[in-house]
Amino acid sequence: VAAYTTLIRGFCKANQMDKAYATFRNMIAVGNKPDVVLYSILIDGYCKAKNLKAALSLLDDMKTCNIAANVVTYSTLIDGCCKAGQIDKANILLSEMIKAGCSPNVVTYNSMIDGFCQSGATDMALKVLAEMESKECHPTVVTYSSLICGLCKAGKASDACKLLKKMPKSGCEPNIITYNGLIDGLCKANKVDDAHGLLDELLKTGFTPNVNTYSSLIDGYCKIKNVDLAVKLFGGMRGFCSPNVITYTTLIRGLCSSGQINSARKMFDEMNNAGIHPDIYTYNVLLKGLCRARRSEEARELMKSMKTNGCKPNLVTYNTIIDELCKIVRLDLAFLYLEEMKVDGILSDVYTYSVLVRGLCKGRRHAEAKELLNSMKTQGCTPNVVTYSAIIDELCKLQELHHALSYFEDMKDNGCAPE
RNA sequence: CGCCUGAACACAGCUAG
């Protein structure tokens with residue numbers, strides 16, 4: 001069992017859940033009994049592969065085999081639910097584990113706190129903290145880091161600072177992740193200057209920032225349209241660390257969105273020369289930049305070159321190019337890419353359909369637009385307020401108000417709130 | 001009865017009105 005466990009853990013870490021599971025079945029077939037640790041490893045693998053269903057069904061498996069799930073098993077699943085945005089499910093599991101006589105520990109609570117923070121429910125996260133304290137379950141640096149980051153992102157920087165000050169009293173020292181979370185949280189709340197000021201203060205105390213620290217700040221400055229400062233930071237980070245693919249991609253996006261496509265292309269070349277390989281995000285960012293600048297031909301060239309460089313277009317790639325082609329009303333090409341994406345085995349999502357609906361409207365192909373809206377539902381893709389708005393806008397322009405209204409009703413019937 | 005071993009938690013980048 002030990003050897004199988006090692007092997008299976010390897011497959012899980014490599015994101016090869018099919019092989020992990022096949023090995024698992026195989027070991028059972030030859031007469032070995034899996035234990036709670038092995039189940040927990042597999043459950044964690046499925047959670048990280050975003051396959052909650054499979055993870056949950058393993059828990060059921062355990063019950064039928066009379067293998068008791070322990071606090072790690074439950075915590076793993078709870079964390080998986082939280083990361084998938086299913087906090088309700090996480091809460092259900094939490095009650096279930098308590099009912100099963102298994103007490104949550106600090107990791108369990110940390111996962112819940114992080115889940116609430118990620119969804120912006122910092123009040124709920126703080127309630128969990130209070131609950132921990134009342135149960136003498138001592139928060140750790142992880143607890144505080146999650147909360148501090150979440151509070152900043154929610155615009156509650158002063159609460160975050162209070163917690164930061166409270167940490168030493170609880171016997172925890174903030175570490176680089178705590179500070180990076182704080183800096184990133186401030187950036188995401190558009191308080192980029194505060195974040196930068198904080199870094200300067202920390203530097204005076206001997207803090208050594210890393211590439212995440214700088215990537216957060218560079219992204220922050222790009223998003224508040226201060227690309228010059230972003231570029232300056234990019235130059236200034238060298239004393240501490242080197243930019244990586246994320247740093248480059250962030251800056252390329254900033255350059256693109258301030259209209260500096262040529263500088264963006266230079267950055268792209270520079271990173272290649274530095275031996276840092278662009279990944280799918282990098283290509284998507286540059287593709288979007290070219291599209292926004294209406295350089296559609298170059299965009300289509302980029303689609304080709306990414307493939308030759310071994311980077312497969314993904315859903316975002318196709319959505320980006322299809323959107324551009326719809327905007328310039330080259331629906332023929334848009335549908336060509338739609339076909340190509342099907343061939344690649346990529347399923348359209350609500351973005352794909354929404355841009356196509358709008359494109360069809362723009363091309364005066366209203367009947368097809370309506371058809372597409374209907375067919376997306378049968379494909380298992382639920383239209384959202386953006387999709388409906390595309391159709392409703394168009395019908396209003398055509399002065400077909402009662403048709404527009406009927407879509408409006410349809411939208412509400414589908415549980416989609418108007419804005 | 002004690003000890004030891006394998007599993008879980010916090011930080012940065014991409015798409016539509």
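This is a predicted model: local features need pLDDT of at least 70, side-chain atom pairs count only at pLDDT 80 or more; totals for chains, interfaces and linings use all residues.
**Entry 1: helix α24**

I began with α24, which covers residues 401-413. I counted 13 residues in this helix. From the first C-alpha to the last, α24 reaches 18 Å. That is close to the 18 Å expected at 1.5 Å a residue.

Next I looked up which residues of α24 are buried. I found Ala-404, Tyr-407 and Met-411. I then looked down the axis of α24: its buried residues fall within an arc of 60°, so they line one face of the helix. What do the buried residues of α24 pack against? I noted α22 (366-378) and α23 (385-397).

I turned to the face of α24 that points away from the buried side. There I found the exposed residues His-402 and Asp-413. Last, I checked what follows α24 and noted Gly-415. The phi of Gly-415 is positive, near 75°.

**Entry 2: aromatic pairs**

I searched for rings with centres within 6.5 Å. The count came to 7 aromatic pairs. One of them joins Tyr-21 and Phe-24, with ring centres 5.9 Å apart. Their planes stand at 35°, so I logged the pair as tilted.

Both Tyr-21 and Phe-24 sit in helix α2 (residues 17-29). They are 3 residues apart, about one turn of the helix. Are they buried or exposed? Tyr-21 is partly exposed, with a relative accessible area of 29%. Phe-24 is buried, at 0%.

I then looked at Phe-234 and Tyr-248, which form an edge-to-face pair. I read 5.2 Å centre to centre and 70° between the planes. This pair links distant parts of the chain. Phe-234 belongs to helix α14 (residues 227-236), and Tyr-248 to helix α15 (residues 245-257). They are 14 residues apart. Both Phe-234 and Tyr-248 are buried.

I also noted a cluster. Ring pairs link Tyr-21, Phe-24, Tyr-39 and Tyr-46.

**Entry 3: RNA strand B**

How many residues surround RNA strand B? I noted 60. The closest are Asp-35, Asn-110, Asn-180, Asp-279 and Asn-284. I took the atoms of RNA strand B within 4 Å of the protein and sorted them. Sugar or phosphate accounts for 43%, and bases for the rest.

For Arg-9, a side-chain N or O atom is 3.0 Å from a sugar or linking oxygen of RNA strand B. For Asp-279, a polar side-chain atom lies 2.7 Å from a base nitrogen of RNA strand B.

Key: Residues are numbered from 1 along each chain as its sequence is written. Chains are lettered from A and ligands numbered from 1 in the order in which they are written. Side-chain values use heavy atoms; hydrogens and water are left out. Helices (H or I, at least four residues) and strands (E, at least two) are DSSP runs, numbered from the N terminus. The expected span of a helix is 1.5 Å times one less than its number of residues. Buried means under 20% relative accessible area, exposed over 50%, partly exposed in between (1.4 Å probe, protein chains only). The arc is that of the directions from the helix axis to the C-beta atoms. Contact means heavy atoms within 4.5 Å. Rings of Phe, Tyr and Trp (its six-membered ring) pair if their centres lie within 6.5 Å; planes under 30 degrees apart count as stacked, over 60 as edge-to-face and the rest as tilted. A residue is near a molecule or strand if one of its heavy atoms lies within 4 Å of it. A polar contact is a pair of N or O atoms within 3.5 Å; within protein, one must be able to donate a hydrogen and the other to accept it, and residues adjacent in sequence count only if both atoms are side-chain atoms.
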